[in-house]
Amino acid sequence: MKAKKPPSTIDLFRSKLTQILDNKHPLFVLAQEIDWSVFETAFGPTYCEATGRPAKPIRLLVGLHYLKHAFNEADESVVERWVENPYWQYFCGFEYFQHQFPLDPSLLVKWRHRVGADKMEKLLTETIETAKRKKLVKKNHLDRVNVDTTVQEKNISFPTDAKLYCDAIKLLGDAAKARGIGLRQSFIRKSKKALREQSRLRHARRIKKANRKVKKLKTWLGRLTRDIIRKIDPADEDMKELLLRSAQLLQQEKKSKNKLYSLHAPEVECISKGKAHKRYEFGCKVGVVSTSRDNWVVGAQALHGKPYDGHTLKKSLEQMERITGRAAKHAYCDKGYRGHGYKGETEVHIAGQRRNNRTRSERKWMKRRSAVEPVIGHMKHDNRMDRNYLKGKEGDRINAILAGAGYNMRKLLAAIANSFLRLLQWLLHREFLPEFRPANG
C-alpha cells in the first residue's frame, strides 16, 4: 500500500526543527535543494494501491540511502544515528524531532528489492540535477569525461579449497537436519578439526600433510553429497541448488573456468587488475564515469562476466547519457581500453598515444584522465564500494550506483559549506575593504 501523507498538525508544546536548526547548515540547505517529488513519481508505481499496511514515506527511504552512502554507514547504524541527529531527520522530511526509530533496518533491504537497480539510477540522476540547479555542473562540463574500471569486492573471505569444502559440509549438514533427513554421518565436527589442522600444517610449510587434509575434506563432502541425494525430496528446489553447488566444488580444478568461489555468493568472480599489493580480487568489475573538469560521478554500474575493459566503454557512455541527458563529446581512458571497438558520437582518447598534432589544450585534458583514480578511491573508502554486503548480482548493481550517489552527495555538501565562506570573502574584498583591491580590478 502506498504511503499516507502525514497530517499537517501544529504541536503547541514542541518547536519545529526549522526553528531550532541552523538554516545555513549544508544538510539543511541541501534538503531544500533536492526535488523530492521526482522520487514519488518514479517509485510510486512500485507500490500497490489499497492492500496491506501503509508504507513508509518514500522521502524517508531515499534520504536514509543518501545518508548511508554519503557517511559510510550500514543499514543498522544509519537508523541509529538518524535518531540522534536532528539534521538527518529534517533531511528526511520530518518537522519535529523524533525519539524513536523511523523503521526497522530490514525494511531498507526490502525497499531495495522493490525498487531494483534500474530505477535506483534516479538517486544518482537527482544528485547531478541538483548540482545543475546550484550551477556547480554546467552543460560544457559534461562534454569531457574520464572513464575507468575497478573491482567491487564481495563480502567473502579468501577462497581456499579447504574452506569451501568445510563450508559446504556444514551447509549440507544443517540443511539435512532442518529437513529431518537421517544421515549416516554429517562430518561437521570432523571437518572443523581437519580445517584447523590443515591451516596449522600449511603455516608450518608441511605441504604434503596439509594436502592430505584437503583431500580428506573433499572425500567427506562427496560422501555426504551422495548420501543426501539418495534421500532428498525431488520437489525441494533449495536443497537441489545447494547440491548443485556442492557438485561443482567437487568437479572444479585449479585451471577450471567459471569456478565457484563462495557458496553464499555464487556470482563472485576472480579478477586480476595487476596490482602489486593485491594479485586477485573477488567480486565484480565496475565501470565509473566522471567529469574531467570537476570530478562529478555521472556513471557507475556493475559489470558481470569479467568483460574486457574496452568492451565496457559503450555501456558506460550509454549510462552517462541516461543519467545526464547529454552525450559526452570526448572520453579519456587508460591503455586498458585499447581495441575498444566503440563506434559512436563520442571521441575516445587513449592514454599513451602520441600525436604530434595535439594542441596545448588537448594535452592538458589528457593529463586530467588520471583524476578518475582518486574518485574511485573515495568511492571505495568513503562510500561503501570497497566491500559489497548486498546480495546477488542485483545487489552489486545497486551498491555501485549508490556509491556514486554518495560521492556526489559529499561534493554537494562541501560546495554548500564553502559557498558561505566564498561569499563572505567576496563581500570583504569588494565592499568593506576597497583599499585592498588589486590595481587592475
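## Cavity, salt bridges and a hairpin

Y332, H349, R358, E362 and M366 line the largest cavity. This is a predicted model. The largest cavity holds about 30 Å³ of space. Its lining has two nonpolar residues, one polar and two charged. The count of cavities of 30 Å³ or more is one.

Next, the charged pairs. Side chains of opposite charge can pair when their charged atoms come close. The model has 23 salt bridges.

| Salt bridge | Closest N and O atoms |
|---|---|
| D118 and R397 | 2.6 Å |
| D143 and R326 | 3.1 Å |
| R230 and D227 | 3.5 Å |

D118 forms a salt bridge with R397. D118 lies in helix α7 and R397 in helix α15, so this pair ties together parts 279 residues apart in sequence. D118 is exposed, at 58% relative accessible area. R397 is partly exposed, at 28%.

D143 forms a salt bridge with R326. D143 sits in the loop between α7 and β1, and R326 in the loop between α12 and β5, so the pair ties together parts 183 residues apart in sequence. D143 is buried at 12% relative accessibility, while R326 is partly exposed at 26%.

R230 and D227 both lie in helix α10, three residues apart, about one turn of the helix. R230 is exposed at 57%; D227 is buried at 4%.

Salt bridges also link K68, D75 and R112 in a network.

Last, the hairpin. Strands β3 and β4 run antiparallel, joined by six bridges. S290 stands opposite V297 in β4. Five residues separate the two strands, and N295 in the turn has a positive phi of about 65°. Seven of the seven residues of β4 are buried, so this strand is largely enclosed by the rest of the structure.

Methods: Residues numbered from 1 in each chain as written. Predicted model: local features only at pLDDT ≥ 70, side-chain atom pairs only at ≥ 80, totals over all residues. Heavy atoms only, no water. Buried < 20%, exposed > 50% of the residue type's maximum accessible area, 1.4 Å probe, protein only. Helix = DSSP H or I, 4+ residues; strand = E, 2+ residues; numbered from the N terminus. Pairing = 2+ DSSP bridges. 1 Å grid on protein atoms, 1.4 Å probe; cavity = no way out; pocket = protein on both sides within 12 Å on 5 of 7 lines; lining within 4 Å. Points joined across faces, edges and corners; volume = space filled by probe spheres on them. Nonpolar A, V, L, I, M, F, W, Y, C, P; charged D, E, K, R; others polar. Salt bridge = Lys/Arg side-chain N within 4 Å of Asp/Glu carboxyl O.
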